[in-house]
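Have the coordinates open as you read.

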Amino acid sequence: MTEPLLRVENLHKHFKEGQHIIHAVNGVTFEIYPGEAVGLVGESGCGKTTVARCILRLEKPTRGRIIFDDQDITELSTGKIRGLRRHFQMVFQDPNASLNPRMTVRRTLSEPLQLHGLFEDEKQLQEAIHRVNLELDHLQRYPHQLSGGQKQRVGIARAIMTHPGFVVLDEPTSSLDMSLRIHIIALLRRLQQELYMTYMFISHDLSTVRHLCDRVLVMYLGQIVEMGHIEDVFNNPRHVYTQALLSSIPIPDPKVKRQRILLKGETPSARELKPGCGLQDRCPHVTEECLNPVPYYDLGNGHRVACRLAKPGAQQ
Amino acid sequence: MAESLLRVEELSLAFPHEEATRRVLDQVSFDLYPNEVLGLVGESGSGKTMTSLTIIGLLPSTAQVLGGHVWFDGRDLLALSDREMRAVRGAQIAMIFQNPLSALNPLQRAGDQVARAVRIHRQLPKDEAYDTAVALLRQVGIPDAASRARAYPHQLSGGMAQRVLVAMMLACQPALLIADEPTTGLDVTVQAQIFELIKDIQADTGATVLLITHDLGVVSEVCHRVAVMYAGQIMERAPVEALFERPQHPYTERLLSSILRVDQPKELDTTQALLPISLDYDTPGCRFANQCPNVLAICREQRPAPHTTAQGHTVFCHKYTDEAP
C-alpha cells in the first residue's frame, strides 16, 4: 500500500470564549492517500472547517499531530509553514469574500507565484486561465466584472498556480445554482487528473460529495462518526447520524417514498462535552452503552463506524 | 375544478435600468387552489421572488407593474391602496422569508413578537395574547416554549427562529401562506424538521401555500403542483408527478437532468448541463431560446401560447403549437 500523503492523529482544537471552552474538534484521526478525493461532511458547527484550518496550519492544533508528506508540521514555525504552503492550497466558499476586489485576475493569479519565487512568464497565467475554462481577456478584469461561476473558477485557478499536491476545497459550490455546480464539479475532477492532486472536499451537500469524492468522513460534534468509501457509506450508512443526515435530503422524485429518521432537537453546544456518543441526546436508539466512549467498529474495506449498532450482532 | 384562491394573470414587471427598463417578469400566469401547495421553481434570476413580492405588495418602489392582475378573494390586489393592502397582508396573506433571523425584531423577545401578532389579528387582551403565543410556540415544536418565549432572536438558532415565524404566521390564520426559500441556509436535518412542520400545519389547517424554491427535491416532497420559471417567464405548469415523469418543456428537461441525486450517482455530462440565465430582456419570444436544443425560428420572434398536453399540464413552447413546422 502507498504511504498516506496526510496523516491526522488525534487532533483536538479548543477555543476560549470568555469563561468557556469551545471543543470544536475532539480527537479526529484519519489518513488521506495520494490522488484521492476525500469528503469531509457534517452540519454547521461540526468542526469540519476547523479540521481543515488546522491541517493548513491556519490554526494551531490544541493537541494531536499532523503529518504531511512524512513531515510533522504540527509544531513548525510560521516561516517554515509559509515555505510549504505552495504544496497545499485552499479554495474558499465565497469567491466574493476571498478575491481581492481591487486586484485584477492577472494579479490575483501571479501573486502566489511571486510569493514562492516561481514566477517565470505570462505563459503560466495563460495556462492556468485555460485550465479553468476562462478566456485570456478575463485576466484584465476585476472580480466585480465576473459572474459568480467565473469568480469561483478564478479561485480555483489561484489555488492551482503553484501546482500543489494537496488542495482543500471548502464548500466551493454551495453558492452556485445546480446547473453551474455540475460544471464546477466536472472541472475539479478534470484538474485533479491532469495535475495529479489530492483533494479534501469540505461540504454539507452530500449529493455533490457523492459525485466528486472517493471516500467520505462524516463529522458530528467535533468527532468523526463514520468513514469509508463513498458507495459503502451512502448505500449502507451504519451510524444513526449518517442515516438521519442521508434521509433528510429531499429526493427529486415523487415516486420515492422514504422512511425519514428525524433527530430530536438540535446539535448541542460544543461548550460542555459529555463522554460517550455525541448524538446521545438526539438518537432514537440510545442506551446506557452510548453514554460511555464509543470505539470504532471496523466493517471492512475501511468502513469504520462509532456506533454501538455497528457492533456485530447488535440489537436496536 | 374549484374556484382558485389566487390567480396571477399576465403579470409583467419592469425595473428601470440605465436609459431603458428591464422586464423581469413577462406575462406570468398561474392559479393557486384552496388547500394546495404550489411550488414556484427556478434558478437565481428566474423572477420567482419578484412574483411573490408583487403578490404581497412589498415591491421596491422603483418597480413598475406593466400589466396584469393578482386576483385574490374577488379583488385585484394590484388595484388596492397601500392602506387596503396593509389589511390584507398578514391577516389574509402571510409570508415567511429566507433568512428568519433578519425577519425578527432583534430588540424584542420572541414571545412578545408572536403575542403582538396574536393581539393585532385576534383582538385578544395582552396576557391572553401572550398565553396564546406560548401555546403557538409549543405547537410549532419549540421545546420548553415558556422559557424560549423570553429569548431574544440572537439567542435562537436559525431553525428555532424559523419556527417562531411559523408560529407568528399561525397567529394570523392567513388564507394564503407564501414561503420564500424557508429552509435555505438551514442545516439539512433542521430543514427536514421545518418541512415536516409545514406539511403538518398545511394538513391540519388546510392552509394554501405558495412555496418558492430552487430545490426540486423539496418540490417533489412538499408540493402538489409546480410552476417552472425561467428568466421571468413561466415555462411549464403541472401536477408534481407529471412534471417529474413527463416534463414537456426543453428547459424543464434540462433542469431535471442537471440534478445530482444523493441516492443515485450518475456520470456528469456537462454538454447537457444548463448555462447560467443570460437575460435578453428585449426578446419578443421565448427567453430560453438561446439555450434551447429544439429552438425554431419562431421561438425568437413570438412568445408561445399556452398548450395543454394533459389535465392540468400546460407548457409554453412552440414545439407543441400547430403553427410550428
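## The sheet of chain B

β11(B) and strand β12 (residues 313-316) of chain B pair in the antiparallel sense over four bridges. Here two strands pair if DSSP finds at least two bridges between them, while helices (H or I, at least four residues) and strands (E, at least two) are DSSP runs, numbered from the N terminus. Within this pair, H307(B) stands opposite V315(B) in β12(B).

A word on the source: this is a predicted model, in which local features need pLDDT of at least 70, side-chain atom pairs count only at pLDDT 80 or more, and totals for chains, interfaces and linings use all residues. Residues are numbered from 1 along each chain as its sequence is written, and chains are lettered from A and ligands numbered from 1 in the order in which they are written.

Strand β12 of chain B also holds T314(B). Is T314(B) buried or exposed? It counts as buried because it has 20 C-beta neighbours inside 10 Å; a residue is buried if 20 or more other C-beta atoms lie within 10 Å of its own, exposed if 12 or fewer, and partly exposed in between, with C-beta atoms placed from the backbone. Leaving aside residues up to four places away in sequence, T314(B) touches E236(B), R237(B), P306(B), H307(B) and T308(B). Contact means that the C-beta atoms of two residues, placed from the backbone, lie within 7 Å. The C-alpha atoms of T314(B) and R303(B), 11 residues apart along the chain, are separated by 14 Å.

Stepping back, the open sheet of chain B has eight strands in the order β6-β7-β8-β3-β9-β10-β12-β11, and its pairing is mixed. Its edge strands, each pairing on one side only, are β6 (93-96) and β11 (306-310) of chain B. From one strand to the next, the twist averages 20 degrees. Angles run from 0 to 180 degrees between N-to-C directions, and axes are lines fitted to C-alpha atoms, for helices over the stretch in contact.

Strand β9 (residues 225-230) of chain B is mostly covered, with six of its six residues buried. R225(B), A227(B) and M229(B) point one way from β9(B), whereas V226(B), V228(B) and Y230(B) point the other way. The pairings of β9(B) are set out below.

| Partner of β9(B) | Sense | Bridges |
|---|---|---|
| β3(B), residues 37-41 | parallel | four bridges |
| β10(B), residues 233-239 | antiparallel | six bridges |

V228(B) has a bridge partner on both of these strands: V41(B) in β3(B) and E236(B) in β10(B). The hairpin of β9(B) and β10(B) has two residues between the strands, and A231(B) there takes a positive phi near 50 degrees.

## Helices of chain B

Helix α1 (residues 48-56) of chain B lies across β3, β6, β7 (176-180), β8 (208-213) and β9 of chain B, running at about 150 degrees to β7(B).

Helix α7 (residues 158-172) of chain B has 15 residues and reaches 22 Å from its first C-alpha to its last, close to the 21 Å expected at 1.5 Å a residue; the expected span is 1.5 Å times one less than the number of residues. α7(B) is mostly covered, as 13 of its 15 residues are buried. After α7(B) comes Q173(B), with a positive phi near 45 degrees.

How do the axes of helix α5 (residues 126-139) of chain B and α7(B) lie? They come within 9 Å and cross at roughly 125 degrees. The two helices are therefore oblique to each other: angles under 35 degrees count as roughly parallel, over 145 as roughly antiparallel, 65 to 115 as roughly perpendicular and the rest as oblique. On the α5(B) side L136(B), L137(B) and Q139(B) meet V164(B), A167(B), L170(B) and A171(B) in α7(B).

Chain A has an open sheet of eight strands with mixed pairing, in the order β6-β7-β8-β3-β9-β10-β12-β11. Its edge strands are β6 (88-91) and β11 (297-298) of chain A. Helix α1 (residues 48-55) of chain A is largely enclosed by the rest of the structure, because six of its eight residues are buried. α1(A) is followed by R57(A), whose phi is positive, near 60 degrees.

The contact takes 33 residues from chain A and 35 residues from chain B. On the side of chain A that touches chain B, the largest share, seven residues, comes from α7(A).
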